[in-house]
Each structure stands twice: as structure tokens, then as C-alpha cells.
Amino acid sequence: MINKLENKKVINNIYVLSNLKDIYSQIKSDILYIDENGVKLNNNSNIHKINVLLSSYTNKSIFIVIKISNNFSIDIQKKIIFNIIKIFNICNKKNIDIGSIIDGINIKCAIIYENINFDYSNIINSIQALLLANKRLQYEFIYDVVCKQLDEQFALNNYCDFKCDKCIASRANRTFHKTMGCCYSFDYSIWKGANNVQLCKYLSNNKCTINCMACKLFTCKFLKEKGIRYKTNDIPLLTCFFNKKQREILSANFFVDKPKIIDKLLEKNHTPYPLYYLFDCCRIKNK
Ligand code: SF4
Ligand code: SF4
């Protein structure tokens, strides 16, 4: 929904605007200002740690304002998203309502930007995920958003540049197979390596028929030499919503569709990370 004012719009119950004054008088609760450094409550200029501030908070509702400054690097995005997640988790635990009725709409948060050209979609998607009812829905949402982002980037940049079933690496004689790029499945174990290599069963009419994050993150050596590489750590939504073991799951399980990956992400695992890595615990066994 686009508001009459050009610099003020509502996206999925989140107000995005350049000046809080436009809605300030309608906010009926305390305001929690978030930026990459931490949080401030109302007009208090002290920056607080979120846990410290909210542990003694006794009011029933709060309105969150996220401030996006001119420096909107990946690292800053991650810090802001981490802070948003912490606040939602604490408010949920303490039954603090988030949001206010503004212009007749139940607005959950406001994003205040300094520069209209910034892509603040990661912030909006984080809030949307946190508003979902449970972890499975949150994980599915983040998974879909990131897969879509990766698909769009590959399509926009035409990295693999297929011509007559041969990708750019294949035409440069840098692939093992002559056609269909790297869409060949295999069984893998950390001890035995890859075996049972065959054209992927999910390839149909030259298109992938499943939604596999690991395949979407993958680039071959030829593309990596050109600087085209996707690491889960460089994608704010993956870094903030998934821990290190879960990010291993996302990047290691090739040829596996979303439902099995989500099940694996939801598995409780208390193995220390070095052992988890050594014993290849991230791998989904029955594909
Ligand atoms: S990642 Fe490399 S091998 Fe795979 S399709 Fe793209 S260019 Fe070809
Ligand atoms: S699952 Fe992976 S390897 Fe198989 S068709 Fe899809 S992208 Fe290609």
C-alpha cells in the first residue's frame, strides 16, 4: 500500500518514512529506537544493551523504530537485524505487545531512512519473519526469500550463460561433463568423497524442479576465479536467523528440496561444532 505522501509508505504493516514526525503523535506507547549500536528508549540519549533495558521494562506495549543511517553496509545490516531479533524474542517472552494503530492500520514498526536509495528489504523481511507464529514458518520464509534473491542475482547477471545446454565453464573446457553445467548429483561422505555421479534427477526440461539452497549458493571454480562466490556469512538473513551448524546444513546439502532441509534445520543438536563438522553431522542421510 502506497501512502499519499511519497516519502511515507506502508509495507506489510511496517511504516517506511524519512521523518518520524509524520506519525509521532499517533504512537501511544513507549518508543524503542534501534540502530546498529543498540537501543534507546524514548528521548533518553543513553544507548543500552537490549537485555538490560527490557529486563526491567514493565509496560505492556512498545513501538519499535529502526534507524537506517547513510552507512548501510552488510555488517551494519547484520547488527541491526540481530538487535531486532533480540527485541522480538524478549518481548514475546515478556508478553510485551509490539506496535500501534497508525492511520487506522496495526503498524508493527517504523523504519526511518536517511537515504531513499537504500535497499532495506532485509530489514522488512526480518520483521515479517519474526511476526510469523513459529520457527518452522520463520525458517521457511527466510529460506524462500534468500532462494529468490539468489535466483534473481544469477538471472540478472547471467553468471552461467548457458548456450545450447553448455554453460560458460563448460565452453571453456573447465567442467567434467560436456553439458548441463554442474547439475550432476552424487553421494558424498567425508571419508570416501564423491561417488555414484549421475545427471540430477531433479533436472527436467533444463530446469531445476526443486528449491535447494546449497545448489543456489554454489558456484564452480571457474566462476569463483572471477570473484563470483556466495557464502552464507555474507547474506545477512542467513547469518542472523541461523547459527553456524544450521548454515552448514544450508550450504552442504545439494540435491535436497526445502521440506527436508527445514526439518534438518529444526533438529535439536547439542554436539560441539568441531565434532559436528568432523563427523559431517550437517548432512541429510536419506535424500
Ligand atoms: S556454476 Fe559453473 S559449472 Fe555450474 S552451471 Fe554455472 S558456470 Fe557451469
Ligand atoms: S537440485 Fe541442484 S543439481 Fe539438481 S537440478 Fe536442481 S540445481 Fe541442478
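Trainee: Which residues in helix 11 do Q246, I249 and L250 in helix 10 meet?
Mentor: Residues are numbered from 1 along each chain as its sequence is written, while chains are lettered from A and ligands numbered from 1 in the order in which they are written. The model is predicted, so local features need pLDDT of at least 70 and side-chain atom pairs count only at pLDDT 80 or more, whereas totals for chains, interfaces and linings use all residues. Helices (H or I, at least four residues) and strands (E, at least two) are DSSP runs, numbered from the N terminus, and residues are in contact if their C-beta atoms, placed from the backbone, lie within 7 Å. The partners in helix 11 are I261, K264 and L265.

Trainee: How do the residues of this contact divide by class?
Mentor: Ala, Val, Leu, Ile, Met, Phe, Trp, Tyr, Cys and Pro count as nonpolar, Asp, Glu, Lys and Arg as charged, and the others, Gly among them, as polar. The contact of helix 10 with helix 11 divides into four nonpolar, one polar and one charged.

Trainee: Are helix 10 and helix 11 roughly parallel or antiparallel?
Mentor: Helix 10 (residues 244-252) and helix 11 (residues 258-266) have axes 10 Å apart and an angle of about 160 degrees. Axes are lines fitted to C-alpha atoms over the stretch in contact, and angles run from 0 to 180 degrees between N-to-C directions. An angle over 145 degrees counts as roughly antiparallel. The two helices are therefore roughly antiparallel.

Trainee: Which element gives the most to the side of domain 1 that touches domain 2?
Mentor: The domain assignment, which is automatic or from a database, gives domain 1 (8-131) and domain 2 (140-278). Eleven residues of domain 1 are in contact with nine residues of domain 2. The elements giving two or more residues to the domain 1 side are helix 3 (74-93) and helix 4 (121-130). With six residues, the one that gives the most is helix 3.

Trainee: Is S25 buried or exposed?
Mentor: S25 lies in the loop between helix 1 (21-24) and strand 3 (30-35). A residue is buried if 20 or more other C-beta atoms, placed from the backbone, lie within 10 Å of its own, exposed if 12 or fewer, and partly exposed in between. S25 has 8 such atoms within 10 Å, so S25 is exposed.

Trainee: What percentage of the residues of the protein chain count as buried?
Mentor: The protein chain holds twelve helices and 13 strands. Of its 287 residues, the buried share is 25%.

Key. Parallel < 35°, antiparallel > 145°, perpendicular 65-115°, else oblique. Contact = placed C-beta atoms within 7 Å.
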